[in-house]
Amino acid sequence: MDDKELIRLAMDARSRSYSPYSEYRVGAALVCSDGTVFTGANIENASYPATVCAERVAVGNAISSGRSDIKAIAIAGGKSSETSALSDYATPCGICRQVLREFTDPRVFRVLVARSVDDYKEFTLDELLPESFGPDHLN
Ligand code: THU
């Protein structure tokens, strides 16, 4: 599973976004150590706070399938009118950063934010969520 394929899967997941309120469609694709991929799209709700982000849907799919050995996530987000070439690098929100932190080593977990398969930025989770609070603090 290379980065471009993971981004393509995030773009594909984005097509299944349910986002009639913001019209901001997001797709995410998480890859496990053996190459297994779990995807998610944002799911909005008429009661706005009940909305869930694409990244957390993908994490929920992985964890509820018994997989927590996640290595990287690709994210693609932009307004509904935009299709393949997005104008945004849709960096994950703070809550999603914290949820990813729960299951990863932030120094090595990779976050790819893509406008297209050929145009993306790469961060470690530690870069996006420095000095984070995680499960180790509770040991
Ligand atoms: N959204 C995500 O799916 N992921 C993020 O990290 C940021 C925001 C969604 C939530 C909502 O449906 C829309 O984007 C606008 O906030």
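Asn42 has a side-chain N or O atom 2.9 Å from an oxygen atom of the ligand, a polar contact here being a pair of N or O atoms within 3.5 Å. At Ala54 a backbone N or O atom is 3.0 Å from a ligand oxygen. Cys93 also uses its backbone, with a polar atom 2.8 Å from an oxygen of the ligand.

A word on the source. This is a predicted model, where local features need pLDDT of at least 70 and side-chain atom pairs count only at pLDDT 80 or more, while totals for chains, interfaces and linings use all residues. Residues are numbered from 1 along each chain as its sequence is written, and side-chain values use heavy atoms, with hydrogens and water left out.

Next, the surroundings. Residues around the ligand, meaning those with a heavy atom within 4 Å of it, include Ser22, Thr51 and Pro92. By class, this shell has 6 nonpolar, 3 polar and 2 charged residues.

Where does the ligand sit? The space it takes is the largest pocket; to sit there, more than half of its atoms must lie within 2 Å of the grid points. A pocket is an open set of points on a 1 Å grid over the protein atoms alone, where a 1.4 Å probe fits, with protein on both sides within 12 Å along at least five of seven lines; lining residues have an atom within 4 Å of a point.

The volume is about 170 Å³, counted as the space filled by probe spheres set on the points. The lining has 13 residues, and Tyr24, Val26, Cys53, Glu55 and Cys93 lie nearest the pocket's centre.

Technical notes. A polar contact is a pair of N or O atoms within 3.5 Å; within protein, one must be able to donate a hydrogen and the other to accept it, and residues adjacent in sequence count only if both atoms are side-chain atoms. Ala, Val, Leu, Ile, Met, Phe, Trp, Tyr, Cys and Pro count as nonpolar, Asp, Glu, Lys and Arg as charged, and the others, Gly among them, as polar.
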